[in-house]
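Biologist: I'd like to go through this one slowly, asking how we know each thing we say. Can you take me along step by step?

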Amino acid sequence: MRRLIACLLGAFSLSAIACSALLSDEAKQCDNTSDCEALGFRGWTCKVDDHVCIADQEPVGGSSPTAGTLGAGGDSAGNGSGGSISMGGGSAGSSVGGGSAGSSAGSGGAAGATSTGGGGASAGSAGNGGNGGSGGSPPQCDSALCKAANGNCVGTTCVIACSGAGCTPHCPAGMPCRVSCGPNGCNDGPVDCSQASSCDVTCNDFACLKGVDCAGSSCTVACSGEKSCSTLPIVCHAKTCDISCPGLQSCKELKCTGTPKTCSLECLGVQTCGTTVESSATTTNITCGGQDSCAAAGNLCCTGGAKCTGTYAPKCL
């Protein structure tokens with residue numbers, strides 16, 4: 001006698017209890033899963049011990065959640081992408097965008113992508129913006145290069161002391177440099193500070209007669225000794241030029257050339273700044289405090305190319 005004891009197909013997907021289909025009390029239904037499919041029970045499995053096709057309920061919900069992946073940060077401008085996540089009960093993946101170095105702030109990462117599956121998970125959140133870049137570290141003194149230039153590192157500065165004949169300072173490139181020219185020092189050639197990141201030169205009595213050439217972010221030259229800097233010119237190509245001449249008859253020729261932003265000249269000694277003063281700076285300031293100083297500054301002042309102050313400043317027309 002044949003009988004049918006079966007669960008409806010629509011009920012199989014909702015019931016929490018496994019169902020089997022018995023087509024006969026005596027006949028076996030299957031030896032393997034393919035036998036069940038041949039009978040029309042797709043997705044069913046064969047319970048080999050009982051030779052019965054069985055359909056079990058699929059668990060509610062999708063697969064376990066996949067954690068969000070970390071967004072990659074850039075070197076100078078963020079742009080990290082958001083974490084991706086599979087739906088199915090997990091929490092959103094997030095990313096941190098942007099590197100901290102560089103000159104500009106990083107932008108926020110994009111929102112995490114989602115994929116379908118089970119329910120219950122939210123999309124990945126947007127990555128955080130990168131931090132603003134810093135301007136970089138200040139130039140450092142390279143000990144080997146500084147020693148090769150007959151100097152020594154003092155902090156971040158290469159310091160070169162030059163006295164007597166036979167000393168011609170050449171500041172190493174790419175670092176701050178300070179040159180001290182003792183009496184009669186630095187006279188075999190110009191003080192070459194044209195490759196340094198910044199320069200500071202001091203000239204004692206009868207020193208720096210062959211001139212000074214400096215550049216970089218700033219150049220400071222002090223011709224403090226008698227007749228120092230009195231033969232060849234001081235030439236400044238730096239963004240900021242500060243030249244002081246307190247020594248007697250010091251600073252015969254002064255030149256701020258190229259594209260400096262400011263050129264400041266202090267002619268404080270007797271008969272200083274007497275032959276040539278040239279400047280192409282955006283702003284030129286000349287202080288004439290020494291007796292008979294600034295004889296060469298009249299043209300600059302009178303043509304409106306400089307602001308002259310001090311007791312002995314030329315009268316501008």
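Biologist: Which residues touch the most other members of the largest nonpolar core?

Modeller: Keep in mind that this is a predicted model. The largest nonpolar core has 52 residues, and the ones touching the most other members are Val179, Cys208, Val221, Ile234 and Ile286. In general, nonpolar side chains tend to be buried together in soluble globular proteins.

Biologist: What does isoleucine 234 touch?

Modeller: Leaving out residues up to four places away in sequence, isoleucine 234 touches Val212, Val221, Cys223, Cys229, Ile243, Cys251, Glu253, Leu254 and Lys255. There is also a second, separate core of six residues, with Cys30, Phe41, Cys46 and Cys53 among them.

Biologist: Let's turn to the cysteines. How many disulfides does a search of the whole structure find?

Modeller: The search finds 15 disulfides. Each one is a covalent bond between the sulfur atoms of two cysteines.

Biologist: What makes cysteine 193 and cysteine 199 a disulfide?

Modeller: Their sulfur atoms are 1.9 Å apart, and the cut-off is within 2.5 Å, so the pair counts. The torsion about their S-S bond is about 120°, so this disulfide is right-handed.

Biologist: How do you know whether cysteine 193 and cysteine 199 are buried or exposed?

Modeller: Buried means under 20% relative accessible area. Cysteine 193 has 0%, so it is buried. Cysteine 199 has 4%, so it is buried as well.

Biologist: What about cysteine 267 and cysteine 273, which hand does their disulfide have?

Modeller: The torsion about the S-S bond of cysteine 267 and cysteine 273 is about -95°, so that disulfide is left-handed. Their sulfur atoms are 1.9 Å apart, and both cysteines are buried.

Biologist: Why is cysteine 308 in no disulfide?

Modeller: The nearest cysteine sulfur, that of cysteine 301, is 3.5 Å away. Cysteine 308 still counts as buried, because its relative accessibility is 18% and the cut-off is under 20%.

Biologist: Okay, on to serine 230. Where does it lie, and what makes it buried or exposed?

Modeller: Serine 230 lies in the loop between strand S13 (218-223) and strand S14 (234-236). Its relative accessible area is 19%, which is under 20%, so serine 230 is buried.

Biologist: What lies 2.6 Å from a polar atom of the side chain of serine 230?

Modeller: That's the backbone oxygen of lysine 227. Beyond four places in sequence, serine 230 touches Leu209, Gln249 and Lys252.

Biologist: And serine 293, where is its place, and why is it called buried or exposed?

Modeller: You'll find serine 293 in the loop between strand S19 (283-288) and helix H4 (298-302). Its relative accessibility is 5%, so serine 293 counts as buried. Apart from neighbours within four places in sequence, serine 293 is in contact with Cys267, Gly269, Gln271, Thr272, Cys288 and Tyr312.

Biologist: How do you know that S14 and strand S16 pair up?

Modeller: Pairing takes at least two bridges, and three join S14 to strand S16 (residues 253-256), running parallel. Cysteine 236 stands opposite cysteine 256 in S16.

Biologist: What joins S16 to strand S18?

Modeller: Four bridges join S16 to strand S18 (residues 276-279), and these strands run parallel. Lysine 255 stands opposite glutamate 278 in S18.

Biologist: Last one: how many helices and strands does the protein chain have, and what share of its residues is buried?

Modeller: The protein chain has four helices and 20 strands. Of its 317 residues, 37% are buried. The chain exposes about 16,200 Å², with carbon and sulfur atoms supplying 52% of it.

Methods. Residues numbered from 1 in each chain as written. Predicted model: local features only at pLDDT ≥ 70, side-chain atom pairs only at ≥ 80, totals over all residues. Heavy atoms only, no water. Buried < 20%, exposed > 50% of the residue type's maximum accessible area, 1.4 Å probe, protein only. Core = buried A, V, L, I, M, F, W, Y, C linked by side-chain atoms within 4.5 Å. Contact = heavy atoms within 4.5 Å. Helix = DSSP H or I, 4+ residues; strand = E, 2+ residues; numbered from the N terminus. Polar contact = N/O pair within 3.5 Å; in protein donor to acceptor, adjacent residues only side chain to side chain. Areas by Shrake-Rupley, 256 points an atom, 1.4 Å probe, with all protein chains shown as cover.
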